[in-house]
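Please keep the view open while reading.

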Amino acid sequence: MEFFDVGQTVQRRDVFRGRVWSAQALRVVEDTPAALVTCAWPGAGVRVPAAYVRARRGETTVLREEAVRQLAAGTWTLSAGEWQDTVLLLWKPPGAHFSGDADHRLLTWYINFERPNVRRPRGFDTFDLLVDLLVDADLSRWRWKDEAEYAHARRLGIIDDVEHAHVDAAREEALALLAERAGPFAEADRWAAWRRDPAWPTPSLPSPPH
């Protein structure tokens with residue numbers, strides 16, 4: 001496996017049934033056999049489903065449900081934009097059905113359940129499986145997020161029984177890592193203190209996307 005260079009811009013793509021569902025420009029913090037660590041900050045390029053953009057503006061559940069219906073039907077369109085509000089540090093081991101995100105100044109740990117990475121020359125492909133685990137910055141408490149959206153995706157056939165079993169196993173694995181202070185939590189102080197290299201330009205997506 002070829003590793004990405006530190007500071008390299010890579011593109012994360014969520015791909016469903018051969019089509020890009022979303023894309024995000026990231027910079028590589030480190031890339032080792034243990035995990036790929038990347039980051040993004042406000043201004044980094046993104047492409048997201050247009051229905052999610054409208055949902056963010058209006059904060060309505062109806063539009064988020066519509067985005068999932070469009071995903072199932074293959075009728076979504078993408079809107080170009082920029083990452084907002086937070087600095088993200090993303091940690092993902094090879095073959096994992098989840099990644100760990102730390103929002104800096106460590107606001108929260110965010111476990112995103114997703115397909116294992118498939119590497120490409122300019123980045124990697126995965127697919128967000130719509131359910132998440134939020135963990136307090138001090139690791140003292142956790143809660144599930146977007147369970148209703150996940151159930152909606154199950155009803156629409158986006159997540160079949162095989163993938164659901166992978167998600168269930170990944171949930172148990174993530175909770176075990178938290179309980180044992182393993183994985184990204186083993187270096188919680190290191191990641192809490194991490195800051196990006198100020199010399200790095202803000203990452204952008206290629207146009208047109210590829």
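In this predicted model, helix α3 spans residues 147-155 and helix α4 spans residues 161-180. The two pack at an angle of about 155°, and their axes are 11 Å apart. Since an angle over 145 degrees counts as roughly antiparallel, α3 and α4 are therefore roughly antiparallel to each other. The crossing in which α3 passes α4 is left-handed.

On the α3 side, the contact is made by Glu 147, Tyr 150 and Arg 154. On the α4 side, Asp 161, His 164, Val 167 and Arg 171 take part. By type, the residues of this contact between α3 and α4 divide into 4 charged, 2 nonpolar and 1 polar.

Strand β1 covers residues 9-16 and is mostly covered, with 7 of its 8 residues buried. Which strands does β1 pair with? One of them is strand β2, residues 19-31, which pairs with β1 in the antiparallel sense over 8 bridges. Another is strand β10, residues 123-126, where the pairing with β1 is in the parallel sense over 4 bridges.

Towards β2, Gln 11 stands opposite Ala 25, and towards β10, Gln 11 stands opposite Gly 123.

β1 and β2 also form a hairpin, with 2 residues between the strands. In that hairpin, Arg 17 takes a positive phi near 50°.

Definitions and conventions. Residues numbered from 1 in each chain as written. Predicted model: local features only at pLDDT ≥ 70, side-chain atom pairs only at ≥ 80, totals over all residues. Heavy atoms only, no water. Axes fitted to C-alpha atoms, helices over the stretch in contact; angles between N-to-C directions. Parallel < 35°, antiparallel > 145°, perpendicular 65-115°, else oblique. Left-handed = near helix turned anticlockwise from the far one by under 90°. Contact = heavy atoms within 4.5 Å. Nonpolar A, V, L, I, M, F, W, Y, C, P; charged D, E, K, R; others polar. Buried < 20%, exposed > 50% of the residue type's maximum accessible area, 1.4 Å probe, protein only. Pairing = 2+ DSSP bridges.
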